[in-house]
Amino acid sequence: MQLKIFWVFFKVGMLGYGGGPASIPLVHKEVVDTYQWMTDDEFQDSLAIGNVLPGPIITKLAGYIGYLQSGWLGLVNAVFAAILPTIILMIVLLKLFTEFKDLEWVQGMSNGVVPVVGVMLFLLTYEFLEKAQAKTTWRFIILFTLGAFILLYVIGLHPAIVILAIVIFSLVRREGRI
Amino acid sequence: MIYLQIFIAFFIPGVLGYGGGPSSIPLVEQEVVQNFGWMTSQEFAEVLALGNALPGPIATKMAGFIGFEVAGVIGAIVAVGATVLPSLLLMVFLAGLLYKIKGTKKFETLTTLIRPVIAILLGIIAFDFFSSAFTESGGVHTLILMIASFLMLKKFDIHPALVIIFGLVYGALLL
């Protein structure tokens, strides 16, 4: 059993490109279709519960499914299988990279990648705004984002404070618009 | 003491990063670059570049590497634990309660309002990267890289790992 759990989430971690959300279909295929640890409904429920919580989705799914299958050991096993291989790869490759940083062309690589990552973050920015907008209007979202900008960068509040304030506000206020 | 700092640096993104792994990027940057000063903005960009080029969740790759850089294997374990455990344990213990919350209006409001905050944080980091690239690599190269990677990602749907490789090769040859 532990071996199967490991194998499933190892594959999910190694084959899931484009971050956590992109690997959800992979988990579904293994857990529901191949091994039938869960029905489709149970899987959708687990996913929905996971989405209520902050933090990366894949580790929540892996840990939860591992836990349902075989307790705490299953949880630890599934999480490790999903994340450890890529963490090790990451450390080895970046260390290698720093090792040769004095070389001019390696420094060039480091510089070349900065605008590319910038564009990726810019696209993520847009994606987050668009998803928020889908639940309300662009007008509201633009004004709200402007407000957040002032709080974060003009007044200089820590992002954690702003987010916590939103969490508290959303949970205590009465039902209403937006 | 350093372990406590690492724990804090990754616990905050772990419990406030609504919207999956990518939303923790700016929150991690805030702690690791701005607050504790463990890396420069350029080094953080390298971490993101490799993180985007490798498979698997981005939040744990960032935590594992940065934790390791700052305080070795134990540092990596603390960082990854702080990223993963809080929400995972909540999920295991409170599954029933969370199931009731998931469809409610309150929860929808929460995610709708948090997303713009994450967006502005991400946007500012993107802007920082562009402006540091302008000074490091010059305006022409930066513009070429920006436009080329935008078109590749958005218009031609080229895999992010390949776009990162393009940036690396371009930099190695021309910068």
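**A loop, and what lies beyond it**

Modeller: Start with A:Gln36, which sits in the loop between helix H2 (24-34) and H3 of chain A. Helices here are DSSP runs of H or I with at least four residues, strands are runs of E with at least two, and both are numbered from the N terminus. This is a predicted model, so local features need pLDDT of at least 70 and side-chain atom pairs count only at pLDDT 80 or more, while totals for chains, interfaces and linings use all residues. Residues are numbered from 1 along each chain as its sequence is written, and chains are lettered from A and ligands numbered from 1 in the order in which they are written.

The phi angle of A:Gln36 is near 50°, which is positive although the residue is not glycine. A:Gln36 counts as exposed because it has 8 C-beta neighbours inside 10 Å. The cut-offs work like this: a residue is buried with 20 or more other C-beta atoms within 10 Å of its own, exposed with 12 or fewer, and partly exposed in between, with C-beta atoms placed from the backbone.

Now look at helix H2 of chain A, where A:Pro25 is found. A:Pro25 counts as exposed, since it has 10 C-beta neighbours inside 10 Å. A:Pro25 and A:Ile155 are 130 residues apart along the chain, and their C-alpha atoms are separated by 42 Å.

Chain A is divided into domain 1 (2-99) and domain 2 (113-172). These bounds come from an automatic or database domain assignment. The C-alpha centres of the two domains of chain A lie 28 Å apart.

Chain B has a loop to set beside the one you began with. B:Asp157 lies between helix H6 (139-155) and helix H7 (160-174) of chain B. Phi of B:Asp157 is near 55°, again a positive value in a residue other than glycine. B:Asp157 counts as exposed because it has 7 C-beta neighbours inside 10 Å.

Take the contacts in chain B with a separation of 6 or more: 54% of them join residues 24 or more positions apart. Two residues are in contact if their C-beta atoms, placed from the backbone, lie within 7 Å.

Next, see how the chains meet. In chain A, 77 residues are in contact with 90 residues of chain B. Six helices of chain A, H1 (2-15), H3 (40-52), H4 (57-99), H5 (104-133), H6 (138-154) and H7 (159-172), each supply at least two residues of the side that touches chain B. H5(A) gives the most to that side, with 23 residues. By class, the side of chain A that touches chain B has 53 nonpolar, 19 polar and 5 charged residues. Here Ala, Val, Leu, Ile, Met, Phe, Trp, Tyr, Cys and Pro count as nonpolar, Asp, Glu, Lys and Arg as charged, and the others, Gly among them, as polar.

Stay with H5(A). It packs against helix H5 (residues 105-137) of chain B at an angle of about 160°, with the axes 8 Å apart. H5(A) is therefore roughly antiparallel to H5(B). Axes are lines fitted to C-alpha atoms, for helices over the stretch in contact, and angles run from 0 to 180 degrees between N-to-C directions. Angles under 35 degrees count as roughly parallel, over 145 as roughly antiparallel, 65 to 115 as roughly perpendicular and the rest as oblique. The crossing of H5(A) and H5(B) is left-handed. A crossing is left-handed if the near helix is turned anticlockwise from the far one by less than a right angle, and right-handed if clockwise.

The H4 helices meet too. The axes of H4(A) and helix H4 (residues 58-101) of chain B come within 11 Å and cross at roughly 155°. So H4(A) is roughly antiparallel to H4(B). Their crossing is right-handed.

Finish at B:Gly171, in helix H7 of chain B. B:Gly171 is buried, because 24 other C-beta atoms lie within 10 Å. Leaving aside its neighbours within four places in sequence, B:Gly171 is in contact with A:Gly108, A:Met109, A:Ser110, A:Asn111, A:Gly112 and A:Val113.
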